[in-house]
Amino acid sequence: MKVQGQAWRTVWLNPDHSVGVIDQRFLPHELKTACLREVADVEQAIREMWIRGAPLIGVVAAYGMAVAMRQDSSDAGLFSAKKTLLATRPTAVNLRWALSRMLTGLLPLPREQRADAAYALAAQMADEDVAINQQLGQHGLALIRTLAQQRPGQRINILTHCNAGWLATVDWGTATSPIYQAFNEGIDVHVWVDETRPRNQGASLTAWELGQHGVPHTLIVDNAGGHLMQHGLVDMCIVGTDRVTARGDVCNKIGTYLKALAAFDNQVPFYVAMPSSTLDLTVHDGLREIPIENREGEEISHLSGWHADGYLSTVRICPSNTATSTNPGFDVTPARLVTALITERGLCAAHPQAIQALFAPAG
């Protein structure tokens, strides 16, 4: 994807073997990068959301394991790094998936080979993420293309929630990959961008990256989506996901469930862009089995933005004694509300038999 006309990825390896990332805390006001040299740096970047998005968290954690192997490549060092990084975010399954893959790949190797192998495996996972999201986007593009053919001369309006763009992955994004590919193909697409309270990732991240790439978009408040659907102004919803269960329940940024309900009531297709690394076949009932991260109340009580005098400012928006202790970062959308999962292997019904048929391990 492009920033000021130049192609970027969200994570890269520096010549000194440190890990470079876009520090998303400063977007959309400033484009800053951060250098992660130690496991503690990677832990902080994930926990404090310098980087976020399930696929990107997984890849950066993999690089965190590589950084750890340069410092201590013993078995104890390997397990310690995994434990430290796994504790950073409890909901997104990609983190566990990536760390388990690194452990499986590194543990059989002699200590002296682990650092080089870790960097190679992390780089492979980054490249795979790009390829998976590009392929996923091709299957989503087919849906948008069909709509455009059915409505010649009409703009295709797509609603998305939170940020499931290239900033949440290594490149392309999940929910945005079909949109970018449709735009690149010349299809007239327009995106309704949910602001996505309380951290406003839609307003700060999705709007920024769509604008950088030139995709027409409009920022809306979270509660406007249902109104737009009632008036026929949304042709489809495409959202990302942090975890999908074996029966097709979808865990995603808080507010996704309400969008799915509105879409269902208004017969608007509701698609979930899901790379296979986000599927958790060990979990069945999303409501009962997925741990939901409860985040700091300051995300609710305060807002940050760019002051007219040219600096970043944070202000309180509620009384100082108002309780803000309930701040779930995610909710679960039941499978019955999902039109289909868009995966790198094709469209998949949010149904246990369909998921099993497409993703069951060989043998």
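**Salt bridges**

Guide: The structure holds 19 salt bridges, a salt bridge being a side-chain nitrogen of Lys or Arg within 4 Å of a carboxyl oxygen of Asp or Glu. The model is predicted, so local features need pLDDT of at least 70 and side-chain atom pairs count only at pLDDT 80 or more, while totals for chains, interfaces and linings use all residues. Residues are numbered from 1 along each chain as its sequence is written, and side-chain values use heavy atoms, with hydrogens and water left out.

One of the pairs is Asp 127 with Arg 9, whose closest N and O atoms are 3.0 Å apart. Asp 127 lies in helix α5 and Arg 9 in the loop between β2 (6-7) and β3 (11-13), so this pair ties together parts 118 residues apart in sequence. Helices (H or I, at least four residues) and strands (E, at least two) are DSSP runs, numbered from the N terminus. Asp 127 is partly exposed at 43% relative accessibility, and Arg 9 is partly exposed at 32%; buried means under 20% relative accessible area, exposed over 50%, and partly exposed in between (1.4 Å probe, protein chains only).

Another salt bridge joins Arg 199 and Glu 299, with 2.8 Å between the closest N and O atoms. Arg 199 sits in the loop between β7 (189-194) and α7 (201-213) and Glu 299 in helix α11 (residues 298-301), so the pair connects parts 100 residues apart in sequence. Arg 199 is partly exposed at 30% relative accessibility, whereas Glu 299 is buried at 11%.
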